[in-house]
Amino acid sequence: MARIASLCVYCGSSDRGDARHRDAAAALGRAAAERGIGIVFGGGHVGLMGVVADAALAAGGEVIGIIPEHLQDRELGHGGLTRLEVVDSMHSRKARMCALADAFCILPGGLGTLDETFEIVTWKQLRLHDKPVVVLNRDGFWDPLLALVAHQVAEGYVRPEHADFFLVAETVEGVFEALAAAPEPSTPERPGRL
Ligand code: AMP
């Protein structure tokens, strides 16, 4: 079973989402802290990103943010983190988030969240890492995404075993159950290829 000390969270930067998503984001941050699992995230203090970080910190958890220099103002670089790393580009941000994390969790979000989700899954498809990726499908938010991937499998563009990279949990508790059940990564990381 995979040993998870650090969980990378991809989620929305918008504050206009459903209050239930904020509750789920806070619950995830708290639950990670209670389990001694550190959070890695985009480093902003906006939207669900800020909610996860604040909740984890309030529960005594470790939170590391990775933010590109040019987004520090727009995403309000979080001032109270365990560590805020400022990087030079979006690509550096994603590579660094991947390097620091043992697993990934997808919360509701927008286009940036989709970008991050597909990048981490395609990196796994290319065997650049073999870490678990869990989608928190609270209230069916990600049903359209999962339906799209199922459609791609049915049409022959995605291998069924690659679609299985999306572990799906309905609850925060389920996220940690999925992580606990995930196998130990079988491929070595290849950071030089990211
Ligand atoms: P969104 O889901 O659009 O609210 O974005 C969530 C996070 O993804 C924000 O921190 C964005 O800055 C980030 N993001 C958006 N596009 C990219 C990208 N191409 N690479 C890395 N992060 C991104």
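## Around the ligand

Sorted by class, the residues of the shell around the ligand are five nonpolar, six polar and five charged. Please keep in mind that this is a predicted model. The ligand has 16 residues around it, and Ser13, Glu75, Gly110, Gly112 and Thr113 are the ones that come nearest.

Which helix gives the largest share of the shell? That is helix 4, with five residues. Helix 4 spans residues 111-125, and helix 3 (90-100) also supplies at least two residues of the shell.

## Polar contacts and cover

Let's look at the contacts one by one. On the backbone side, a polar atom of Gly112 lies 2.9 Å from an oxygen atom of the ligand, and a polar backbone atom of Leu111 is 3.5 Å from a ligand oxygen. A side chain takes part as well: an N or O atom of Glu116 is 3.4 Å from a nitrogen atom of the ligand. On its own the ligand has 490 Å² of accessible area, and the protein covers 81% of that.

Where does the ligand sit? The space it takes is the largest pocket.

## Aromatic pairs

Now for the rings. The model has three aromatic pairs. One of them joins Tyr10 and Phe104: the ring centres are 5.9 Å apart and the planes meet at 10°, which is under 30 degrees, so this pair counts as stacked.

The two partners come from distant parts of the chain, 94 residues apart. Tyr10 belongs to strand 1 (residues 6-10), while Phe104 belongs to strand 5 (residues 103-106).

Note on methods:
Residues numbered from 1 in each chain as written. Predicted model: local features only at pLDDT ≥ 70, side-chain atom pairs only at ≥ 80, totals over all residues. Heavy atoms only, no water. Near = heavy atom within 4 Å. Polar contact = N/O pair within 3.5 Å; in protein donor to acceptor, adjacent residues only side chain to side chain. Areas by Shrake-Rupley, 256 points an atom, 1.4 Å probe, with all protein chains shown as cover. 1 Å grid on protein atoms, 1.4 Å probe; cavity = no way out; pocket = protein on both sides within 12 Å on 5 of 7 lines; lining within 4 Å. Sits in = over half its atoms within 2 Å of the grid points. Helix = DSSP H or I, 4+ residues; strand = E, 2+ residues; numbered from the N terminus. Nonpolar A, V, L, I, M, F, W, Y, C, P; charged D, E, K, R; others polar. Phe/Tyr/Trp six-rings, centres within 6.5 Å; stacked < 30°, edge-to-face > 60°.
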